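Let's walk through this structure together, one neighbourhood at a time. Keep the 3D view open as you read.

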Amino acid sequence: MVTMSRPVVRLVGQGIRYATKLRGGGSAFPGLVMEKLHPDFVAEELAKLPRGVVVVSGTNGKTTTTKMVVQLLEAQGLKVFTNRTGSNFVRGVAAALLGEMNLAGKLDADIAVLELDEAHAVHFVRKVKPNYALLLNVLRDQLDRFGEIDTTRRMLATVAGATTGTVVLNREDPRIRSLAENIQPGTQVSYFGLSEKLRSLFPSDDDLRTSPEGTDRADAGLLAPELPAASVLLKDFKGTDATFDLAGQELAGTINLYGVYNIFNAAAAMALTREVMGDALNETKLLAELEHIAPAFGRGETLTVNGQTLQLLLVKNPSGFRLSLASADAKDYATMITINDAYADGRDVSWLWDVDFHSLTQGGVTMVSGVRAYDMALRLQHDDVYVENINENLEEALATFIAKSDGRPMRIFCTYTAMLAIRKELAKITDVEEI
């Protein structure tokens, strides 16, 4: 048996990645090769970074928040390595490393910011102890994959417990807030949060199940918990204009992202950036960069089709769908909903019955598609939402939807595999960013 040196193994991995990219293949395959040939590759390379590793995890908002953190840190002058393809397995990180290193094996970066799926984050932190962790939320998402919601909380507790520097937590989510109990001695904890005025707009999973839709916690007879102070607080917003409190200093900025939830994600990204930069933080650049952040693919991504805007909105659970619906007036858009039930989407789509679709009664839904199109149409019927067309064939459905949009801006709510398929079809008729 021939044993290859580590530099040779890396060059083999880089060669495979280059060949795979040329053929349009999956981005994680070269990482799988490195896992087999050099299991410690990721840990060894990331250990060389002077400012260490940031892990971003949670049920919702990982991709967009990671993108924000990367751009905010780059605006502060740091060179950032990240898994830009969104492949959040360890092998995905390995593949991304192969793509960013030069032929001499040098990675030109100060810090790594990595989006990691909750389950895969557990495997990652066994190999790599992150210096920072940003933990966003725990919602009932894809429970057939991860089991009950407290299982997801335990996964994130493992991440928090493995972090050596600072853990940044969402103080508004009780399960995330409680992760402070799992942090090791010597590791710091920081929080991002909401003003009391905004809290009812961002319900935790428990709020969705104990309070009527749109009812304030106090009105429902629930005592608000005493919350820790937040390093960054989202005080108020109107449209794309937002006001933040940074440790007692009020700052206003513009966030050009679709969805009220992304403004809260911005508070999370700012809180993490503050911890990394410390006293060297340039607050002027922090606010200025927010205005230049574009949506991550499928997360409010805006394309142009036949002279009109088309937004792709990834939906995975009741809270995310609810906030997406609340972000714009339905009568102003032609609307399509596409629901699949592949493994990456979550096999169980019963969560759709926990979403209030009454806001769609004003404009109706032009098209419902996907593997579970008829399940979705039935759900809409129960909320008295008019559905104009149903077609399980996504290619046909998309063409019909665009033709029937009548010159209105379009938006498509879609599960993960549906979003990928829709982007592939749209790439035939308009410019779509490669992922």
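M336 stands opposite I412 in β15, and in β13 the bridge partner of M336 is M367. Please keep in mind that this is a predicted model. With strand β15 (residues 410-414), β12 pairs in the parallel sense over five bridges. Towards strand β13 (residues 367-369), β12 again runs parallel, and three bridges join the two.

Now turn to a pair of helices. Helix α4 (residues 62-75) packs against helix α12 (residues 283-290) at an angle of about 140°, and their axes are 9 Å apart. The two helices are therefore oblique to each other, and α4 passes α12 in a right-handed crossing. On the α4 side, the contact is made by Q71, L72 and A75, which meet K285, L286, E289 and L290 of α12. Sorted by class, this contact has four nonpolar, one polar and two charged residues.

A last stop is E118, which lies in helix α6 (residues 118-127). Is this residue buried or exposed? E118 counts as buried because its relative accessibility is 3%. E118 and V56 are 62 residues apart in sequence, and their C-alpha atoms are 9.3 Å apart in space.

Conventions
Residues numbered from 1 in each chain as written. Predicted model: local features only at pLDDT ≥ 70, side-chain atom pairs only at ≥ 80, totals over all residues. Heavy atoms only, no water. Axes fitted to C-alpha atoms, helices over the stretch in contact; angles between N-to-C directions. Helix = DSSP H or I, 4+ residues; strand = E, 2+ residues; numbered from the N terminus. Parallel < 35°, antiparallel > 145°, perpendicular 65-115°, else oblique. Left-handed = near helix turned anticlockwise from the far one by under 90°. Contact = heavy atoms within 4.5 Å. Nonpolar A, V, L, I, M, F, W, Y, C, P; charged D, E, K, R; others polar. Buried < 20%, exposed > 50% of the residue type's maximum accessible area, 1.4 Å probe, protein only. Pairing = 2+ DSSP bridges.
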